[in-house]
Structure formats: C-alpha cells, structure tokens
Amino acid sequence: MKLRTMLYASLFAAIMGALGFFPPIVTPFTPVPITAQTLGLMLAGSILGAKRGGLSMLLFVLLIAIGVPLLSGGRGGLGVFFGPSGGYIMSYPIAAFIIGFLVERFWKNLKLWHYLAFNFIGGVVFVYACGITYLSFVTDTPWPAAAVAALVYIPGDVAKIVIASILAQQLNRVYPLMHKNRSIDYQKAA
C-alpha cells in the first residue's frame, strides 16, 4: 500500500472522528441518533474515490471495533455493532466505495448533479437499506415500521448531500486527490 493512500485513509478516518464531536440528536421515533458522520463518508467517497474512500471508512470502523470512542456521543467498542446503529456503521466502507466508484466512473463529465446523485445512492439509499434492515432485525421491529421511523433522518441527510457534493466538486476541481489520469476508464475497459 502506498504511503499517500495510507495518509488519505487516515485523514478521512480522522475527519469522521472529528464529525463525532457533534453531539448526537436523539429522537423518540428511533433508537439510532442523528449524527453528522454520514457527511464524512460522503466526502471520503466523493473526494478519495472507491479504493481510498472505502479504505478510510474501513479504518474508521476498525478503530471503533477496537474501542476508540469515535462515534458521536463518545461511543466505541464491539458493542455498538450489536446495537441498533450497527447496520448503519458497518455499511460505511461499502457506501464510500460505491460513491467513489460512481465518481471515478463519470470523472471526465462530473457535474454537481452527479455528486448529488452519487451521494444519495451511496450515502442514503445504501446506508438506509443496511441500517434499517439491521435495526429491524436487532429490535425485532417490522421492516416497514423501521423504515418509516428512519424518515426522521431525511432533512439532515439532504443537507449533508448538498454540503458534501459542493465541497467535493470544488476540491476535485482545484486539487483532485483522484488524479484524472489514474481514475479508471470504464468505457475503454468495456
């Protein structure tokens, strides 16, 4: 693994940890609190790409697993994976990979609406699918009821999508961490 990849993965794992300093917002509708940390996974995928973005979120999840209190509210340890938030947290590496994969795929023609769509697909649709399914299983709640309770996250996630998309577009324009010549050219590969 290259030093640059390790540095970027560590940097975005640290950004995720910093976003954990924002206190969680607990609602009466669901046992999973509202946090700012999905913003970090959207940024990781949008800025670092599939491999580095997924790796940074994998590092973050591994740090949580060994007990580092990086989650919002100072949570950490293996116990969080068996609680109601476990599905959301375990989806982070794959979600960042999905976002990064889509960004790399459309690198040459990226517009703001691409970032918005990709962050929605990876950072909301995929994360919700994993999180709601796991929450339903852990709490023995019917899946539709868990999905309805998750609607409370939509306003905050829309704001995170917009923020991550604008930041990623600007950063990738000024100082792309995914170099254009290194991004995967899927048209030629097909």
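Mentor: Happy to. The chain exposes about 9,500 Å², and carbon and sulfur atoms supply 75% of that area. Keep in mind that this is a predicted model.

Trainee: Good to know. What share of the 190 residues is buried?

Mentor: Buried residues make up 48% of the 190 residues in the chain.

Trainee: And the charges, how far apart are the mean positions of the positive and negative ones?

Mentor: They are 15 Å apart, with 13 positive and 4 negative charges in the chain.

Trainee: Let's switch to the fold. How many helices and strands are there?

Mentor: The chain has eight helices and zero strands. Read from the N terminus, the order is α-α-α-α-α-α-α-α. The radius of gyration is 16 Å, close to the 16 Å that the globule rule gives for 190 residues, so the chain is as compact as a globular protein of that length.

Trainee: What box do the C-alpha atoms fill?

Mentor: Roughly 50 × 30 × 30 Å, taken along the principal axes.

Trainee: And how much of the contact set comes from residues 24 or more positions apart?

Mentor: Such pairs account for 72% of the contacts with a separation of 6 or more.

Trainee: On to side chains, then. How many aromatic pairs does the structure hold?

Mentor: There are five aromatic pairs. Take Tyr88 and Tyr153: their ring centres are 6.0 Å apart and their planes stand at 75 degrees, so this pair is edge-to-face.

Trainee: Where do those two sit in the chain?

Mentor: Tyr88 belongs to helix α4 (residues 86-105), while Tyr153 is in the loop between α6 (143-149) and α7 (154-174). The pair links distant parts of the chain, 65 residues apart.

Trainee: Are Tyr88 and Tyr153 buried or exposed?

Mentor: Both are buried. Tyr153 also pairs with Tyr128, with ring centres 6.2 Å apart and planes at 75 degrees, so that pair is edge-to-face as well. Tyr128 is in helix α5 (residues 112-139), and the two residues are 25 residues apart. Tyr128 is buried, as is Tyr153.

Trainee: What do Tyr88, Tyr128 and Tyr153 form together?

Mentor: One aromatic cluster.

Trainee: Nice. Changing topic: which helix holds Leu41?

Mentor: Leu41 is in helix α2 (residues 37-48). Its relative accessibility is 0%, so Leu41 counts as buried.

Trainee: What does Leu41 touch, leaving aside neighbours within four places in sequence?

Mentor: Its contacts are Met16, Met57, Tyr92, Ala95, Ala96, Ile99, Gly123 and Val127. There is also a spacing you can check on screen: the C-alpha atoms of Leu41 and Gly17 are separated by 11 Å, and these residues are 24 residues apart along the chain.

Trainee: Last one, on the backbone. What is the phi of Asp140?

Mentor: Asp140 has a positive phi of about 55 degrees although it is not a glycine. Asp140 lies in the loop between α5 and α6, and Asp140 is exposed, with a relative accessible area of 72%.

Trainee: Great, I'll go and look at each of those in the viewer. Thanks!

How values were computed: Residues numbered from 1 in each chain as written. Predicted model: local features only at pLDDT ≥ 70, side-chain atom pairs only at ≥ 80, totals over all residues. Heavy atoms only, no water. Helix = DSSP H or I, 4+ residues; strand = E, 2+ residues; numbered from the N terminus. Rg over C-alpha atoms; globule rule 2.2 N^0.38 Å. Buried < 20%, exposed > 50% of the residue type's maximum accessible area, 1.4 Å probe, protein only. Contact = heavy atoms within 4.5 Å. Areas by Shrake-Rupley, 256 points an atom, 1.4 Å probe, with all protein chains shown as cover. Lys, Arg positive; Asp, Glu negative; His and termini not counted. Charge placed at Lys NZ, Arg CZ, Asp CG, Glu CD. Phe/Tyr/Trp six-rings, centres within 6.5 Å; stacked < 30°, edge-to-face > 60°.
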